[in-house]
Amino acid sequence: MDIEIRRIVEDVRVYVGNLPFKTTDDELRKLFDPFGKVKSADVIRYRESGRSKGYAFVVMDEDGANSSIEKLNDNEYESRVLKVRIAKPRENYPREGKKK
């Protein structure tokens, strides 16, 4: 009897900080593609203006995430030193509006 052991690979959410403000989702995806299958690459933007906030999240397999962190963290991209790490879990609390 052959028993096949499969490793369960979970997707990992990677935080990417200090991005150049002109970086697009497609450029971000291309930056992470060499390290593994990218499920999503999203530059975070202001709702009102659409301007980048200078950070993003990439979702990819665990091995790819670890490789990308090892290779990209504290390295220069478009004249900026990136901060790349496993994203902290989302806090599920209501957002409060600006107080006047």
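Which strands and which helix do the buried residues of helix 2 pack against?

Modeller: Some background comes before the answer. This is a predicted model, in which local features need pLDDT of at least 70 and side-chain atom pairs count only at pLDDT 80 or more, while totals for chains, interfaces and linings use all residues. Residues are numbered from 1 along each chain as its sequence is written, and side-chain values use heavy atoms, with hydrogens and water left out.

The chain has two helices and six strands, arranged along the sequence as β-α-β-β-α-β-β-β. Helices (H or I, at least four residues) and strands (E, at least two) are DSSP runs, numbered from the N terminus. Of the 100 residues of the chain, 29% are buried; that word means under 20% relative accessible area, with exposed over 50% and partly exposed in between, using a 1.4 Å probe and protein chains only.

Helix 2 covers residues 62-72, and its buried residues are Gly64, Ala65, Ser68, Ile69 and Leu72. Seen down the helix axis, these buried residues fall within an arc of 135°, so they line one face of helix 2. That arc is taken from the directions from the helix axis to the C-beta atoms. As for your question, the buried residues pack against strand 1 (11-17), helix 1 (25-32), strand 3 (52-61) and strand 6 (83-86). A contact here means heavy atoms within 4.5 Å.

The N-terminal end of helix 2 is capped by Asp61, with a side-chain oxygen 3.2 Å from the backbone nitrogen of Asp63. Asp61 itself belongs to strand 3. Its side chain also reaches the backbone nitrogen of Lys37, at 3.3 Å. A polar contact is a pair of N or O atoms within 3.5 Å; within protein, one must be able to donate a hydrogen and the other to accept it, and residues adjacent in sequence count only if both atoms are side-chain atoms.

Asp61 is buried but has no salt bridge, and the nearest side chain of opposite charge, Lys39, is 6.5 Å away. A salt bridge needs a side-chain nitrogen of Lys or Arg within 4 Å of a carboxyl oxygen of Asp or Glu. For charge, Lys and Arg count as positive and Asp and Glu as negative, while His and the chain ends are not counted.

Glu62 lies in helix 2 and counts as partly exposed, at 33% relative accessibility. The C-alpha atoms of Glu62 and Lys37 are 9.8 Å apart, although 25 residues separate them along the chain. Helix 2 is followed by Asp74, which has a positive phi, near 65°.
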